[in-house]
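Hello,

Here is the structure I said I would pass on. Please look through it first; my notes follow below.

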Amino acid sequence: MSSLATELLSRAAGFLAASYGEAGLWVVSARGRIVGSLADTEEGWRLSWFEGADIRLANYAGRIDGDLEALSQALTLRLGAPVRLDPLPG
């Protein structure tokens, strides 16, 4: 991973942690792009999409219960391409 990408992820992690005050943060990536984030907050799981995320992903209204493998598979089926959930460093 390039130093610029690492720096951007680090800043995003800090922003999301400050925003949600939680311990678990993941980036959602598809087709080589980071398209969203997943946060495990005190209020529950929160899936957020970044501008430009595929509408098939952004319209996901299914279950989010902490089973990250099942969520990744569900999103992959919706998109028709692999979707990864990777923990943010930090």
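**What was found**

Of the contacts (heavy atoms within 4.5 Å) between residues at least 6 apart in the sequence of the protein, 34% join residues at least 24 apart. This is a predicted model, in which local features need pLDDT of at least 70 and side-chain atom pairs count only at pLDDT 80 or more, while totals for chains, interfaces and linings use all residues. Residues are numbered from 1 along each chain as its sequence is written, and side-chain values use heavy atoms, with hydrogens and water left out.

The protein has 3 helices and 4 strands. These are DSSP runs numbered from the N terminus: helices are H or I with at least four residues, strands are E with at least two. Read from the N terminus, the order is α-β-β-β-α-α-β.

Strand β2 (residues 33-41) pairs with strand β3 (residues 44-49) in the antiparallel sense, over 6 bridges; pairing requires that DSSP finds at least two bridges between the strands. A hairpin of 2 residues connects β2 to β3. Asp 40 has Trp 45 in β3 as its bridge partner.

The protein has 90 residues, and 33% of them are buried (under 20% relative accessible area, with a 1.4 Å probe and protein chains only). Ser 29 is buried, with a relative accessible area of 13%. Leaving out residues up to four places away in sequence, Ser 29 touches Ile 34, Val 35, Pro 82, Val 83, Arg 84 and Asp 86.

Regards

Notes:
Buried means under 20% relative accessible area, exposed over 50%, partly exposed in between (1.4 Å probe, protein chains only).
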